[in-house]
Amino acid sequence: MSDLRIRSADPSDVPAVLGFWRVAAEGTSISDDAAGVAGVVARDPGALLLAERDGTLVGTVIAGFDGWRCHLYRLAVHPAARRQGVATALLSAAERRFTALGGRRGDAMVLERNVTAHGAWSAAGYVREAQWRRWTKSLG
C-alpha cells in the first residue's frame, strides 16, 4: 500500500475522473459531466480526493463539507484494485479532512443495489440508518 498516493483533484483531472467513473463507479449521477466535476473542484478544491498507484487513477471519493454536515459521494475503486486498501485509504483521508474542518460525523450515499459497497462501508465503520430516505428533485 505504500505505493498508493492520495491527493486532491485539480481541473486537469476532470476528464480522467469522468472516464474512471464509467469503469469503476456504480450508476450515474446528474452531475457526472465536465461541468459538474469541475464545479466541485472549483468550489471546494480539497473535496475530490484521488488515489493513484504508479500515476494511474485507482480510486476516488468526494468528501464535501458544507459547514454543517460531512458528505461522502463517489467512493469508487477500479475493479482490478479492489480489496487492496484503496477505499480504506480514501476514507481515512476524507475523515482527516472532515476533522480538520470541524466536522463531527460523516454520511455516505450508497446505492441499495450495490451490495459490494455495503461491505466496504461497514468494514470502514459506517452503519446504515434505515430511518432516513433520500428525497431528490432535478433543478433544470
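This is a predicted model: local features need pLDDT of at least 70, side-chain atom pairs count only at pLDDT 80 or more; totals for chains, interfaces and linings use all residues.
Residues are numbered from 1 along each chain as its sequence is written, and side-chain values use heavy atoms, without hydrogens and water. Local features need pLDDT of at least 70 and side-chain atom pairs count only at pLDDT 80 or more, whereas totals for chains, interfaces and linings use all residues.

**View 1. Salt bridge between D13 and R7.** A salt bridge is a side-chain nitrogen of Lys or Arg within 4 Å of a carboxyl oxygen of Asp or Glu; seven are counted by this rule. The closest N and O atoms of D13 and R7 are 2.8 Å apart. Both D13 and R7 are buried (under 20% relative accessible area; exposed is over 50% and partly exposed in between, with a 1.4 Å probe and protein chains only).

**View 2. Salt bridge between R74 and D32.** The N to O distance is 2.2 Å. R74 belongs to strand β4 (residues 70–77) and D32 to the loop between α1 (14–24) and α2 (34–43), so the pair ties together parts 42 residues apart in sequence. Helices (H or I, at least four residues) and strands (E, at least two) are DSSP runs, numbered from the N terminus. R74 is buried at 15% relative accessibility, while D32 is partly exposed at 25%.

**View 3. Salt bridge between D44 and R97.** The side chains meet at 2.4 Å, N to O. D44 lies in the loop between α2 and β2 (48–53) and R97 in helix α3 (residues 86–101), 53 residues apart. D44 is buried at 17% relative accessibility, and R97 is buried at 15%.
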